[in-house]
Amino acid sequence: MENNLIMFNSVTFAIRSRDLLKNNKIDARLIRTPSHLRNRSCGYSLLIINRFDEAKSIILNNGIRITGVAAVDFK
Amino acid sequence: MIYFDNGATTFPKPRGVSVAVNNVLQKYGANPGRSGHNMSLKSAEIMYECRKNLSDFFNASSPENVIFTSNCTSALNTVIEGILKRGDHAVISSLEHNAVVRPLEELKEKEITYSVAECVPYDDEATIDNFRNAMNERTRLVICTHASNVFGIKLPIKRIGALCRLHGVLFCVDAAQTAGVTNISLDDTSIDYLCMSGHKGLYGPMGTGVLIINSDIHPKSLIQGGTGSLSYQKSQPEILPDMYESGTPNLPGIAGLSEGIKFINRCGIEKLERYEMRLAQMFYDNLCKINSIELYTQRPDLIVSVPVISFNIKDMDSEDVADRLNKFGIAVRAGLHCAPLAHESFDTIDRGTVRIVISAFNTDSDVRYFLSALNKIISLKK
């Protein structure tokens, strides 16, 4: 399963990233970081279905710190 | 009531502000940034939207550099107490509010000292010289009001900022009376910390204030606690804005503040400023015609001042004038306006002044009514 989750340590970073992605026409859904991943980020995550690598690179290029990426089965 | 006490807090607020506050209380009243349920996420969105609106409004480097505080005083305290260390020196202007003076007085216990640079009204060269001369090798921070809360005189913050850069000194601006009233852009000034009220010229509810950090040097946080982030970590997170926002935020206030900013954007800040200045000039020109009125400044204009006028009636106490205006249904603030330094500078420390501050909601007829009431008060005094 490919990565589809980008994790942040604050909701501010997560929402700012989501808006950046929206400007680049990439859909991202704001969620609470799933519990089994919380030791790495107790905060919030963006669930990204398409163009994951591009999304990650946009976020990093805008100087936003991420705490990790993961693959989750999210329905 | 005819309300001219807008320097203390603006009233009324735009309708959208009360609607936003009410919506939070009735629909989205969850704690933002703490949980994953829909209401908490919606609350976080509301908070972020306000941060983004403020960041865009002041051209901040990014939304996370916008810190919510409970008022301008707490923003100023964060900078003053969070930056200055034992042995440091600060420089302030002679027009500062007690929100600046009192924290500095308190810090004298830690051998932190400060000097006052005399603001010379309408002479920027002399004012800059005074700031330069007040600095020494221990000066770490300059704190300066953007405009006097008593006399409305603007200080040359761009030039003071440039002076600070030249000397490697951090620069903090108190924009309590100017945020939302006159344009402030963080990308063309050397401001490191911009402190403001949310409930004055930005038309938000009381209990809102903002600190925008425009420097890599972050003040120490004065309050530590839960931020909803890095919860496994015992020490305070060092990420912005969480570092400074421990505890549950004032979401209703923040939602209202967001609407206040939208109101200014819809009206256009330059248009509002011109409108308010025209009313201030109408006040000033008519007050000049009354023999027993004492004024302390030049005619206000957009370059040198914000729409604030201080005056006295000859041989009358300022508080007495305010009481009599209140009987006519007019709200003003008299006395020292928490700014004894400014009153010392203008030699009004003994009796204070009566202060008129204009907002977007004042009208020509408010000014005419005020002048008519004032003339009655003066004629009854004789």
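A nonpolar core is here a set of buried Ala, Val, Leu, Ile, Met, Phe, Trp, Tyr and Cys residues joined through side-chain atoms within 4.5 Å, where buried means under 20% relative accessible area, exposed over 50% and partly exposed in between, with a 1.4 Å probe and protein chains only. This is a predicted model, in which local features need pLDDT of at least 70 and side-chain atom pairs count only at pLDDT 80 or more, while totals for chains, interfaces and linings use all residues. Residues are numbered from 1 along each chain as its sequence is written, chains are lettered from A and ligands numbered from 1 in the order in which they are written, and side-chain values use heavy atoms, leaving out hydrogens and water.

In the largest nonpolar core, which has 56 residues, Leu54(B), Phe58(B), Leu194(B) and Leu202(B) touch the most other members. Helix 7 of chain B (residues 251-267) supplies the largest share of this core, seven residues; helices (H or I, at least four residues) and strands (E, at least two) are DSSP runs numbered from the N terminus. Apart from this core lies another, of 31 residues, including Met316(B), Val321(B), Ala373(B) and Ile378(B).

Within chain B, the axes of helix 3 (residues 72-83) and helix 4 (residues 98-107) come within 9 Å and cross at roughly 35°, the axes being lines fitted to C-alpha atoms over the stretch in contact, with angles from 0 to 180 degrees between N-to-C directions.

| Helix of chain B | Residues in the contact |
|---|---|
| Helix 3 | Thr73(B), Leu76(B), Asn77(B), Ile80(B), Glu81(B) |
| Helix 4 | Ala99(B), Val100(B), Pro103(B), Leu104(B), Leu107(B) |

Elsewhere in chain B, Ser61(B) lies in the loop between helix 2 (38-57) and strand 2 (66-69), and its relative accessibility of 55% makes Ser61(B) count as exposed. Its C-alpha atom is separated by 23 Å from that of Leu251(B), 190 residues away along the chain.

Chain A contains two helices and four strands, which follow the pattern β-α-β-β-α-β when read along the sequence. Its radius of gyration, taken over C-alpha atoms, is 11 Å, close to the 11 Å that the globule rule (2.2 Å times the number of residues to the power 0.38) gives for 75 residues, so chain A is as compact as a globular protein of that length. The C-alpha trace of chain A spans about 30 × 25 × 15 Å along its principal axes, and buried residues make up 53% of its 75 residues.

Terms used:
Contact = heavy atoms within 4.5 Å.
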